[in-house]
Amino acid sequence: MPVFPPEFAAAADRTACRLAIRAGSKSFFAAGKLLPGEVREAAYGLYAFCRLSDDLVDEAENPSDRRDAVARLGTRVALAYAGTPADAPADRAFSEIVGTYAIPEALPYALIEGFCWDAEGRLYADLDALHAYAARVAGSVGAMMALIMGARSPDALARACDLGAAMQLTNIARDVGEDARMGRLYLPLDWMAEAGLDPEAFLADPQPSPALAGVVARLLAEAEGLYRRAEAGIAALPSPCRPAIRAAALIYAEIGRVVAGQGYDSVSSRARVGTARKLALIARALRTDPAAPGLAAPALPEVAFLIDAVMRQPPLPDRRLSVLRPWWDVGGRVVHVLELIERMREREAFGPSAPS
């Protein structure tokens, strides 16, 4: 049996991660095409490991199995940091990424803690408690992505966490009905009480109502404020990275606008952003690059532990994005992204018989 050099194995793992993301998250895969090559491959590897972790917990059939899945994830993270990852492409890629970009262990362990809270079926008493959850399941990922892109200052990390939290609150607002039908509730309990909603009754029979719409609207308003704060952090990223992150932010914020257009009813249906609108938002992201103010806005208190962990990490030699096209020569990459999204749209409409 032939023995391949290590670089062949690493390339095979990166390809496996890329294919997993292409199959499991088409929007992320397409947006990632706007990133420069080195960052894109690392982002796919990181996202593949995070996606694998989330799926392992979600697919567990009962609370005991979910707790076991969370424990196994902790072991896999420890192995990755020890340089002896589990025998899986995502684990090997993750191990390489955390070493290359000096990602402190506290960040992926925070993500796992968030999964643990999901496994427990935890409820959130108020917005601060919900922000603590978002810091773990989304702020941690935002911080890891910032490190991959070379942004390590406290202010830049705070804005990356803002963007992660904004996206997570948008997800929660969009998925109220879907979550409730799975026995999950993420809306702040004090907001529900103020609106006259009984959490247990809602979980037993999820139904849209004007009171619930008001809570969802309130959550999306909080997300919108975080998107505005995050814009300054996008402007602080290396210029080749900005369009992809801004496109992701615009598309996620648009989900909230679709929910609003449905009367803030995220029980009867799940809001989706159509392909044509995604293309328009990507085009907007490509031509918008302001030097946004407000980078030094205070970090959310709930993400301070993530930023502190990065500040305690010994610095590595200065990393530069390797062999990039000048950003003004982005045309070919953008055309490829637009063609990719259009092919995805055709396949969604026509199935396997769609042209490739």
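A102 is buried, with a relative accessible area of 4%. In this predicted model, the residue sits in the loop between α5 (89–100) and α6 (106–120). Its backbone stands out. Phi of A102 is near 50°, a positive value in a residue other than glycine. Most residues other than glycine have a negative phi.

Y264 also has a positive phi, near 60°, and is likewise not a glycine. This tyrosine belongs to the loop between α13 and α14 (275–287).

## The chain as a whole

The fold is helical: 16 helices and 0 strands. The chain has 356 residues, and 48% of them count as buried. Its exposed surface comes to about 16,400 Å². Carbon and sulfur atoms supply 57% of that area.

## α3 against α7

Two packed helices are described by the angle between their axes and the distance between the axes. Helix α3 covers residues 37–58, and helix α7 covers residues 127–148. Their axes come within 10 Å and cross at roughly 155°. The two helices are therefore roughly antiparallel to each other, since the angle is over 145 degrees. The crossing of α3 and α7 is right-handed.

Which residues of α3 and α7 meet? From α3 come V39, A42, A43, L46 and C50. From α7 come V141, M144, M145 and I148. By class, this contact has 9 nonpolar residues, with no polar and no charged ones.

## A143 on α7

A143 is placed in helix α7. Its relative accessible area is 1%, so A143 is buried. Setting aside neighbours within four places in sequence, A143 is in contact with L107, L157, A160 and C161.

## α8 against α13

Helix α8 (residues 154–174) packs on helix α13 (residues 242–261). The angle is about 30°, and the axes are 9 Å apart. That makes α8 roughly parallel to α13, because the angle is under 35 degrees. The crossing of α8 and α13 is left-handed.

α8 supplies L163, M167, T170, N171 and R174 to the contact. α13 supplies I245, A248, A249, Y252, I255, G256 and V259. By class, the contact of α8 with α13 has 8 nonpolar, 3 polar and 1 charged residues. The α3 and α7 contact, in turn, has no polar and no charged residues.

## E254 on α13

Helix α13 also holds E254. Why does E254 count as buried? Its relative accessibility is 11%, and the limit for buried is under 20%.

Not counting residues up to four places away in sequence, E254 touches V273, R277 and L281.

Technical notes: Residues numbered from 1 in each chain as written. Predicted model: local features only at pLDDT ≥ 70, side-chain atom pairs only at ≥ 80, totals over all residues. Heavy atoms only, no water. Helix = DSSP H or I, 4+ residues; strand = E, 2+ residues; numbered from the N terminus. Buried < 20%, exposed > 50% of the residue type's maximum accessible area, 1.4 Å probe, protein only. Areas by Shrake-Rupley, 256 points an atom, 1.4 Å probe, with all protein chains shown as cover. Axes fitted to C-alpha atoms, helices over the stretch in contact; angles between N-to-C directions. Parallel < 35°, antiparallel > 145°, perpendicular 65-115°, else oblique. Left-handed = near helix turned anticlockwise from the far one by under 90°. Contact = heavy atoms within 4.5 Å. Nonpolar A, V, L, I, M, F, W, Y, C, P; charged D, E, K, R; others polar.
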